[in-house]
Amino acid sequence: MALIELQEVVKRFDERPVLAGVNLQVDEGDIKVVMGPSGCGKSTLLRCINRLIEPTSGSIRFRGQEITGPDVDLQALRQGIGFVFQQFALYRHLSVLDNVTLALRKLRGCKRAQAEARALHELDRLGLSAQRDQFPAQISGGQKQRVALARALAMDPAVVFFDEPTSALDPLMSREVASLINTLRRDKVTVLCVTHDLALAQEIAERVVFLDQGVVRAEDSIARLSRHDDDARIRDFFRREGPAS
Ligand SMILES: Nc1ncnc2c1ncn2[C@@H]1O[C@H](COP(=O)(O)OP(=O)(O)O)[C@@H](O)[C@H]1O
Ligand SMILES: [Mg+2]
């Protein structure tokens with residue numbers, strides 16, 4: 001079933017169209033990867049879907065419901081979408097455990113003990129139990145990202161968004177992101193990931209969506225996109241460091 005469905009989504013900033021009619025579908029259980037050059041609108045796309053940004057026109061359905069109108073319950077929408085931001089967006093003055101329990105307590109109204117039990121379950125599954133009382137400044141980039149993911153998963157979202165999950169990490173840590181996302185696949189978590197990292201895309205998705213000049217230009221395997229006969233922009237993007245064959 002389609003969990004997210006975008007039809008002809010347009011977003012203009014000062015008349016300049018960044019998204020110029022995007023069509024995209026994310027099904028339940030998908031690990032959907034959207035790639036495209038820097039500035040092509042990947043972050044804008046994610047932010048339109050959770051309404052951090054107002055799309056200019058077009059339709060966005062989430063769990064079958066239109067979410068672009070004025071009467072949308074934004075809090076409910078955002079609770080359905082776990083967002084792992086590029087810079088992780090952890091609270092520096094809160095411990096790892098408190099970063100994960102905060103939304104459970106404030107938004108879900110969970111009691112402390114209940115929130116902590118839920119948080120510890122997620123921290124444990126992501127291998128972070130030992131870091132529960134540390135502060136963001138005391139842990140590595142890869143661990144910060146896993147805390148951000150634990151925080152998202154604790155809210156039991158219908159989908160997790162990743163915005164450039166490898167861009168703030170060193171190359172070694174970047175490789176762990178692929179296995180982390182593949183763990184989510186095993187647990188049937190739906191993921192929408194935007195990235196320009198070909199190595200990551202290759203490890204987590206058989207097919208990728210290519211977003212360029214405001215529209216979805218192709219959806220195919222990276223190998224086929226890198227051999228694209230008709231469109232040099234597609235070919236060149238996927239050949240940068242793409243597969244040898
Ligand atoms: N709030 C904003 N106001 C004006 N322009 C913006 C805003 N957010 C993004 N843009 C512009 O929209 C384009 C797409 O940005 P973005 O979605 O961040 O691209 P990507 O994530 O693919 O690198 C860029 O040219 C950027 O400068
Ligand atoms: Mg971006």
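## Close-up views of a predicted model

Figure 1. A backbone N or O atom of Gly41 sits 3.0 Å from an oxygen atom of ligand 1. For Lys42, a backbone N or O atom is again involved, at 2.8 Å from an oxygen atom of the ligand. Thr44 takes part through its side chain, with a polar atom 2.5 Å from an oxygen atom of ligand 1. On its own, ligand 1 would expose 570 Å², and the protein buries 59% of that. Please keep in mind, here and in every view below, that this is a predicted model.

**Figure 2. The shell around ligand 1.** Let us step back to see who surrounds the ligand. Its shell is made up of Phe13, Arg16, Val18, Pro37, Ser38, Gly39, Cys40, Gly41, Lys42, Ser43 and Thr44. By type, these residues divide into 4 nonpolar, 5 polar and 2 charged. Which elements each supply at least two residues of this shell? They are β2 (16-27) and α1 (42-49). The largest share, 3 residues, comes from α1.

**Figure 3. The largest nonpolar core, with 49 residues.** Inside this core, the residues with the most contacts are Val33, Met35, Leu149, Phe162, Ile204, Val208 and Phe238. Helix α5 (residues 141-154) provides the largest share of the core, 7 residues. Another core lies apart from it and has 28 residues, including Val22, Leu77, Phe161 and Leu211. As background, nonpolar side chains tend to be buried together in soluble globular proteins.

**Figure 4. Phe162 and its contacts.** Which residues does Phe162 meet, leaving aside neighbours within four places in sequence? Its contacts are Leu46, Val84, Leu149, Ile181, Leu184, Val191, Leu192, Cys193 and Val194. One of these, Leu149, is also listed with Phe162 among the residues with the most contacts inside the largest core.

**Figure 5. Helix α3 and its cover.** Helix α3 spans residues 96-106, and its buried residues are Val96, Leu97, Asn99, Val100, Thr101 and Leu104. The cover over them includes α4 (112-125) and α5.

**Figure 6. Glu116, a residue of helix α4.** Is Glu116 buried or exposed? Its relative accessible area is 19%, and because the cut-off for buried is under 20%, Glu116 counts as buried. Not counting residues up to four places away in sequence, Glu116 touches Leu97 and Thr101.

**Figure 7. Ser95, in the loop between β6 (81-84) and α3.** With a relative accessibility of 8%, Ser95 is buried. The side chain of Ser95 reaches the backbone nitrogen of Asp98 at 3.1 Å. Beyond residues up to four places away in sequence, Ser95 touches Arg132, Asp133, Gln134 and Phe135.

**Figure 8. Gly142 in helix α5.** Gly142 is buried, and its relative accessible area is 6%. Where do we find partners for Gly142 that are not among the residues up to four places away in sequence? Gly142 touches Leu169 and Met173. Although Gly142 and Met173 are 31 residues apart along the chain, their C-alpha atoms are separated by 5.8 Å.

How values were computed: Residues numbered from 1 in each chain as written. Chains lettered and ligands numbered in written order. Predicted model: local features only at pLDDT ≥ 70, side-chain atom pairs only at ≥ 80, totals over all residues. Heavy atoms only, no water. Core = buried A, V, L, I, M, F, W, Y, C linked by side-chain atoms within 4.5 Å. Buried < 20%, exposed > 50% of the residue type's maximum accessible area, 1.4 Å probe, protein only. Helix = DSSP H or I, 4+ residues; strand = E, 2+ residues; numbered from the N terminus. Contact = heavy atoms within 4.5 Å. Near = heavy atom within 4 Å. Polar contact = N/O pair within 3.5 Å; in protein donor to acceptor, adjacent residues only side chain to side chain. Areas by Shrake-Rupley, 256 points an atom, 1.4 Å probe, with all protein chains shown as cover. Nonpolar A, V, L, I, M, F, W, Y, C, P; charged D, E, K, R; others polar.
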